[in-house]
Amino acid sequence: MKRPVTTEIPLRCTCGALRGRARPSPRSPRLICHCDDCQCYMHFLERGELMDDWGGSEVLQMTPARIELSQGADQLACVRLSPKGLMRWYARCCSTPIANTMASAGMAFAGVLVALVDLPADAHTRDEALGPMTARVNGRARLSGVQGAPKLALFPLLTIARALRLMIGGKLRGEHQPSPFFDEGGAPRVTPQVLSESERDELRARLPTYPRG
Ligand SMILES: [Zn+2]
Ligand SMILES: [Zn+2]
C-alpha cells in the first residue's frame, strides 16, 4: 500500500502547555491497540474518553529522533504499569498521553499516542497526514465473538515485522537519539512511577467485559 509522504505533524496536550512536532516517516505504522495494558494506562490517566468505543488507543510508531517537544517539556511524566512494563510518557499538566517506549534508550522506537496529535478530527485530513490505518491489534480475549466488535488482526505478524523494521532501520540511522524521553547518557529524563500490583489490579477491574453474540 502506498502511503503519503507525511510532513510535520503538530503535537499538543489537551491544555496546550506541552507542544511539539513529529516527523514520522512515510512508512510509520499507524495502528489501534486494544490490549489490557493500554486500556489500564488510559484509566490511570483518567482519560478513558481518548479510547474508541472498543477500548482502542490509536498509535503512530516512529523513532524518538522524529519527535520534538518544543514547549512544556517540564510537564513530562512517566509511568510503568509493572517493573518491567513499557515506559508510558504523558503530560502531567492535563494527563495527556504522549508516547510509549521501551525502558532502554538504545531502542529506536516510540509509539506516539495520536491523542497528542493536533489535527482536525475529520478522517480525510488525518489519513492524509498520518497515513492509512494499518491494523487493529491485541484485545482478542475481550472482543472475539462480541457482536459489532471491530475486526482485529488475527496474527499481527505484519504489525510486528513493521515495528521491527522501524526499530532496526531507525537504529542504523542513529534515530534513537536525540530523544525527548532519554538524555544523551541514556537516562530517562524523569524517574518513572512504577505501579504496584494492587494499583494495577484496580485499573484492570475497570476494563469492560462485553456480552458475547
Ligand atoms: Zn497539558
Ligand atoms: Zn497496547
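The largest nonpolar core has 44 residues, and Val 112 and Leu 113 have the most contacts inside it. Such a core is a set of buried Ala, Val, Leu, Ile, Met, Phe, Trp, Tyr and Cys residues joined through C-beta atoms within 7 Å. A residue is buried if 20 or more other C-beta atoms lie within 10 Å of its own, exposed if 12 or fewer, and partly exposed in between, with C-beta atoms placed from the backbone. This is a predicted model, in which local features need pLDDT of at least 70 and side-chain atom pairs count only at pLDDT 80 or more, while totals for chains, interfaces and linings use all residues. Residues are numbered from 1 along each chain as its sequence is written, and chains are lettered from A and ligands numbered from 1 in the order in which they are written.

- Two or more residues each come from strand 1, strand 3, helix 1, strand 4, strand 5, strand 7, strand 8 and strand 9 (110–113). Helices (H or I, at least four residues) and strands (E, at least two) are DSSP runs, numbered from the N terminus.
- Helix 1 gives the most to this core, with five residues.
- Leu 113 touches Ser 57, Val 59, Pro 97, Ile 98 and Ala 99, not counting residues up to four places away in sequence. Two residues are in contact if their C-beta atoms, placed from the backbone, lie within 7 Å.
- In soluble globular proteins, nonpolar side chains tend to be buried together.

- Eight strands form an open sheet with mixed pairing, in the order 10-3-4-9-8-7-6-11. Two strands pair if DSSP finds at least two bridges between them.
- Its edge strands, strand 10 (135–137) and strand 11 (193–194), each pair on one side only.
- Helix 1 (residues 36–44) packs on this sheet, touching strand 3 (30–33), strand 4 (57–62), strand 6 (76–80), strand 7 and strand 8, and its direction makes about 110° with that of strand 4. Axes are lines fitted to C-alpha atoms, for helices over the stretch in contact, and angles run from 0 to 180 degrees between N-to-C directions.
- Five bridges join strand 7 (residues 87–91) to strand 8 (residues 96–101) in the antiparallel sense, and Tyr 90 has Pro 97 as its bridge partner in strand 8.
- Met 87 lies in strand 7 and is buried, with 20 other C-beta atoms within 10 Å.
- Residues touched by Met 87 include Cys 78, Asn 100 and Pro 188.

- Three strands form an open antiparallel sheet in the order 1-2-5. Strand 1 and strand 5 are its edge strands, and the twist averages 25° from one strand to the next.
- Strand 1 (residues 9–12) and strand 2 run antiparallel, joined by four bridges. Pro 10 stands opposite Arg 21 in strand 2, and Arg 12 stands opposite Arg 19.
- Six residues lie between the strands of this hairpin, where Gly 16 takes a positive phi near 95°.
- Strand 2 also pairs with strand 5 (residues 67–71), antiparallel over four bridges, with Ile 67 as the bridge partner of Ala 22.

**The helix crossing**

- The axes of helix 1 and helix 5 (residues 197–204) come within 9 Å and cross at roughly 95°.
- Asp 36, Cys 40, His 43 and Phe 44 in helix 1 meet Arg 200, Leu 203 and Arg 204 in helix 5.
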